[in-house]
Amino acid sequence: MYQWRKFEFFEEKAAGRGGGGGAPSVPAEIAGRVTCCSGGRGRVAVGCDDGTVGILDRGFRLSYGFQAYASSVLFLQQLKQRNVLVTVGDDDQASSQSSEICLKVFDLDKVQEEGSSSTTPFCVQILRIFTNQFPQAKITSFLVLEEAPPILLIAIGLDNGSIYCIKGDIARERITRFLLQVEAVSDGTSSPITGLGFRVEGQAHQLFAVTPSAITLFSLHHQPPRRQTLDQIGCEINAVAMSDRMDLIVGRPEAVYFYEVDGRGPCWAFDGSKKFVGWFRGYLLCIIEDQRSRKNMLNIYDLKNRLIAHSMPVGDVSHLVTEWGYIILIMSDKRILCIGEKDMESKLDMLFKKNLYTVAINLVQSQQADPASTAEVLRKYGDHLYGKQEYNEAMSQYILTIGHLEPSYVIQKFLDAKRIYNLTNYLEKLHDRGLASKDHTTLLLNCYTKQKDVEKLNHFIKDEDGVGEIKFDVETAIRVCRAAGYHEHAMFVAKKAGRHELYLKILLEDLARYNEALQYISSLEANQAGLTVKEYGKILVDHRPAQTVEILLKLCTDGGDPTTSRGSNSMRLLMIPSPMDFVNIFVHSPQYLMEFLENYIKAVKDSPAQTEIHNTLLELYISKDLSFPSMSLENGLEDHNIKDRKGKDTANGYKSGTREKAKLGKEDAKMAKDIVDRQRKGLALLKSAWTSEMEEPLYSIDLALIICNANAFKDGLLFLYEKLKLYREVISCYKQAHDHAGLIACCKKLGDSSQGGDPSLWGDLLKYFGELGEDCSKEVKEVLTYIEKGDILPPIVVLQTLSKNPCLSLSVVKDYIARKLEQESKLIEDDRKSIDKYQEETELMRRETEDLKTNAKVFQLSKCTACTFTLDLPAVHFMCMHSFHLRCLGDNEKECPECAAEYRSVMEAKQKLELNARDHDLFFRQLRGSKDGFSVVADYFSKGVVSKTTIPPENAS
């Protein structure tokens, strides 16, 4: 393997954790020759020919030793899962009738003190290897496999080609023994077992057995075990090992062979006699005897990277073991050679100095270094190639660092226009990994557009399978494509990403494809369509108003089906967009807004936004300054034609001013007609949205009043005032218009108290005529007729009101005053008669009262008023001249039964008057509701209600 490079990736380590001290050796306390050793669980166990076992720590110091056998220790193995040591040795303490070779199991966690100088671990079990069924032979190899603890599988290879197997719980001696026999050689002799190796795959256990003449595989999971010969040539002892992939490694003088379950695998032609073969962390260990110098060389091979990681001469090695991350060689003279691997940084520095970057890359990848370390090696290799101006190769390395190296480090190296191809390649890979930012997308698309590489642009944007997320920033891609004029590509990205607003923005602002935009909006879901119309509705209304209104109607009316049952599904209505959400898009086209809302209220009768809709419609109907873009366009065209004709007429010596005035007059007439039509619709809407059955209208009353007042819409104001019972405001409207006939007609309608009207309106009307300052005799006479008929105002108030108008003569009120004086005279005469009558009655009552006080009263009744029988004693006489038998009266009767009812009614009326005296609200209500307030006050005085005289209680003495 002369072509393999040699490196010094390993170095000799000094003994001890601190690295101090000289060359280590087997401790002097171990006197015997080392016959076997095993590493595991942070210790190295060595067996000697004097039967002792020593346990060495990491500094190769003796932790403790013990006498395991009386004669010698042949084999031992430290288990990995448990702190147990399994040994095979010659013990002359065994019975003379049986074999002296026995197997012992020591529990190293249980140490028994034996004096002060040594300690002995607890021997769990002593097991005889050879029995009558398994005759004795020389043991040549030994191997232990830990299954599920405490089950062990022990294989013991013999010099006669047999393998004794012991399986089970050795400590409890619940074991099974069985014999395996390798195939005999052609001459019939047996070859010794030179090596064993277990291979475990799930529940399948297999055993490799090596002899100098054959390699055999036993499948132990079959019963009986199945034998398979893998090769007809084997190897000598110590030249057998197992790799970390559970492949058998066999060292022969010509090469090193790997064997799998189906036969021979890879072969590595390392020449020389293999004294020892081992495996350490993916490295192949070989101690090879040089044929010329007869010296032993330790070679450590990195098979993946095809290099020699370390090579050094060694002495006569008796044992090879690995522990603590070291390769440990025990020499025949008990010296110990400890070899450790250098750290990754040191190995890479060594390779970088020699510019062996490919080797460094293979090294970090084979040893499964962290991705950041691998990326750093790739970066250095890329920098090396970049310095040599090998830009394509350098970019290949930089691409491998994506995800770990900052992209800006690479991008700034390739910003030169000459290297735009490499930059494009890197940015493409960056997007494929999903690690590109907005700036990277911008840069990549700019590279495509500068190269005018439409094919790659198509591949980047369009040739995706449509599954999963887009690997670049959508907004950035669209922005760059639009700026470069690739509108179709920008539209494709927007549509695929579901960015409907960007798709429409390109269609409308860049391509002016309005019909296609409308079709696209129609294909969207309702909520998405609503959002896009809100954003781009102004453009659509400006260019395709009718189609836009149609789409909006479908959105807001659930498909535009007016027969859909909407009243029973209020939640469904709430999910449908409201027309008010789209009002702002009609800012330049109010006439189409009016059309949209008109059609909507025809289709939907119970919209949640009906108040706002009616308010908007009212403003559109009643407003006088509504502008129409179509009319403005016609005016502009006509003005241009007028100017052309005007120039020609001037050249001919005359002007066409008369014709211009005719045109303007025609336009004014058209505008006026439109205002009238709209206001007629407004009045109809006011009335239909507030019928007599409705308590509240479907629009805002305050807003409607403001709109009507601001636009001097008299009909609307009159309707609203009348509905609100603001009759004086209705009168004010007619006053402002000087519509006398309308005033009188309005008062006839609104001043009729029998119809719930307000009669006081006639007084306001009379006051208006009194302050008018012009002759209105006819109207005043008509008003006086209704005032007299309803007795609304006193004559004196009428005279005072009309006297303010200097244009009115006395003849206007002459007849009215004459009739009122005649009525007053009759009333005065009636009052005088009543006064005389009441005075006579009062005088009569006074005389009776005086008579009762001063004269005796004679009772002449002879019959009882109650029973009409003859009056006899005992009898009771009352001052009212009624007499009763005592028996006809009730117990404690003190009132005349005949007069008591009348008396009580009088007293109740009196008490009621006293209560009314304290009820001021009642007094003022009667005062406001009476035609003649003075009569109400006089009535209260006449009844003593407002008198200061205190009425004493009934029981007062």
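This is a predicted model: local features need pLDDT of at least 70, side-chain atom pairs count only at pLDDT 80 or more; totals for chains, interfaces and linings use all residues.
Residues are numbered from 1 along each chain as its sequence is written, and side-chain values use heavy atoms, with hydrogens and water left out.

**Overall**

- The protein has 30 helices and 31 strands, taken as DSSP runs numbered from the N terminus (helices: H or I, at least four residues; strands: E, at least two).
- Of its 957 residues, 43% count as buried, where buried means under 20% relative accessible area with a 1.4 Å probe and protein chains only.
- Take the contacts (heavy atoms within 4.5 Å) with a separation of 6 or more: 47% of them come from residues 24 or more positions apart.

**Aromatic rings and charges**

- Searching the whole structure turns up 23 aromatic pairs; rings of Phe, Tyr and Trp (its six-membered ring) pair if their centres lie within 6.5 Å, and planes under 30 degrees apart count as stacked, over 60 as edge-to-face and the rest as tilted.
- One of them is F134 with Y164, an edge-to-face pair at 5.0 Å centre to centre and 75° between the planes.
- F134 sits in the loop between β10 (118-128) and β11 (139-146) and Y164 in strand β13 (residues 162-169), so this pair ties together parts that are 30 residues apart in sequence.
- F134 counts as buried at 9% relative accessibility, and Y164 does too, at 4%.
- Y386, Y391, Y398, Y409 and F414 make up one aromatic cluster.
- Y386 also has the charged end of K413 over its ring, 4.8 Å from the centre; for a charge to sit over a ring, NZ of Lys or CZ of Arg must be within 6 Å of the ring centre and within 35 degrees of the ring normal.
- K347 lies over the face of F9, at 5.6 Å from the ring centre.

**Q78**

- Q78 belongs to strand β7 (residues 72-78) and is buried, with a relative accessible area of 3%.
- Its side chain makes a polar contact of 3.4 Å with that of N83, meaning a pair of N or O atoms within 3.5 Å; within protein, one must be able to donate a hydrogen and the other to accept it, and residues adjacent in sequence count only if both atoms are side-chain atoms.
- Leaving aside neighbours within four places in sequence, Q78 is in contact with S38, G39, G40, R41, N83, V84, L85 and L108.

**Helix α4**

- In helix α4 (residues 391-400), the buried residues are A394, M395, Q397, Y398 and I399.
- Their cover includes α2 (357-366), α3 (371-387), α5 (407-411) and α6 (420-432).

**Pocket and cavities**

- Both kinds of space come from a 1 Å grid over the protein atoms alone: a cavity is a set of points where a 1.4 Å probe fits but cannot get out, a pocket is an open set with protein on both sides within 12 Å along at least five of seven lines, and lining residues have an atom within 4 Å of a point.
- Points are joined across faces, edges and corners, and a volume is the space filled by probe spheres set on them.
- The largest pocket holds about 1,800 Å³ of space.
- Its lining has 46 residues, with C37, F142, L143, V240 and L320 nearest the centre.
- β11 gives the most to that lining, with eight residues.
- Of the 11 residues lining the largest cavity, V182, E183, A184, S190 and S191 are closest to its centre.

Methods
Buried means under 20% relative accessible area, exposed over 50%, partly exposed in between (1.4 Å probe, protein chains only).
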